[in-house]
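Subject: Structure handover

Hi,

Here is the structure I promised to pass on. Please load it first, then read my notes below.

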Amino acid sequence: MPTIDYVDARRARLEVEFHFAAAHRLPRYEGPCFRMHGHNYTFTVALEGEVDPATGMVADFGVVKGAVQEQVLARCDHRTLNDVLENPTAENIARWIFETLEPRLPGLVEVRLFEIPDSCVVYRGGRGRAA
Ligand SMILES: [Zn+2]
């Protein structure tokens with residue numbers, strides 16, 4: 001029996017999850033988050049595109065992980081997010097991650113950031129539509 005070989009292009013979505021720990025304070029917020037505190041953040045990076053019939057891939061997971069390590073994690077893991085963003089809300093962090101990765105990751109469509117396990121922000125670029 002012959003093995004299956006997909007020689008046509010089909011679209012697929014690829015997602016990779018990352019974690020980092022960081023401190024922040026929200027300078028415009030009236031409440032506990034005005035004070036410096038920390039979170040264990042989780043975020044996913046999603047890419048969409050056509051599966052290359054030759055490689056069978058949309059993108060190389062290793063390339064995605066390398067870009068995130070160099071461009072995002074190296075700048076925010078075990079750091080103070082206010083050194084990067086003046087007002088590091090989950091919304092602004094998700095946007096910063098997206099815009100930082102966009103030049104390096106063709107097909108990037110979404111960043112989903114969890115500041116706490118039950119609440120997340122989804123950012124899909126500057127096209128004006130929410131999740
Ligand atoms: Zn916080």
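α1 lies across β1, β2 and β3, running at about 20° to β1. Axes here are lines fitted to C-alpha atoms, for helices over the stretch in contact, and angles run from 0 to 180 degrees between N-to-C directions. Helices (H or I, at least four residues) and strands (E, at least two) are DSSP runs, numbered from the N terminus. Two residues are in contact if their C-beta atoms, placed from the backbone, lie within 7 Å.

Two points on provenance. This is a predicted model: local features need pLDDT of at least 70, side-chain atom pairs count only at pLDDT 80 or more, and totals for chains, interfaces and linings use all residues. Residue numbers start from 1 along each chain, as its sequence is written.

Overall layout

The chain has two helices and five strands. From the N terminus, the order is β-β-α-β-α-β-β. The C-alpha trace spans about 65 × 30 × 25 Å along its principal axes. Of the 131 residues, 20% are buried. Buried means 20 or more other C-beta atoms within 10 Å of the residue's own; exposed means 12 or fewer, partly exposed is in between, and C-beta atoms are placed from the backbone. Among contacts between residues at least 6 apart in sequence, 64% join residues at least 24 apart.

More on α1

The length of α1 checks out: its 16 residues should span 22 Å at 1.5 Å a residue, and its end C-alpha atoms are 21 Å apart, which agrees. The expected span is 1.5 Å times one less than the number of residues. α1 still bends by about 40° at glutamine 69. That bend is the angle between axes fitted to the seven residues ending there and the seven starting there. Val64, Val68, Val72 and Cys76 of α1 are buried. Their cover includes β1 (11-24), β2, β3 (79-80) and α2. Just after α1, histidine 78 has a positive phi of about 55°.

The sheet

Five strands form an open sheet in the order β3-β1-β2-β4-β5, with mixed pairing. β3 and β5 are the edge strands, each pairing on one side only. Two strands pair if DSSP finds at least two bridges between them. β2 (residues 37-50) and β4 (residues 108-116) run antiparallel, joined by six bridges. Leucine 47 stands opposite leucine 108 in β4. β4 and β5 (residues 119-123) are also antiparallel, with five bridges. They form a hairpin with two residues between them. Across it, arginine 112 stands opposite valine 122 in β5, and phenylalanine 114 has cysteine 120 as its bridge partner.

The core

Which residues have the most contacts inside the largest nonpolar core? They are Ile93, Ala94, Ile97, Val111 and Leu113, in a core of 22 residues. Two or more residues each come from β2, α1 (61-76), α2 (90-101) and β4. α2 gives the largest share, six residues. A nonpolar core is a set of buried Ala, Val, Leu, Ile, Met, Phe, Trp, Tyr and Cys residues joined through C-beta atoms within 7 Å. α2 itself lies across β2, β4 and β5, running at about 145° to β4. Valine 111 touches Phe43, Val45, Ala94, Ile97, Phe98 and Tyr123, not counting residues up to four places away in sequence.

Best wishes
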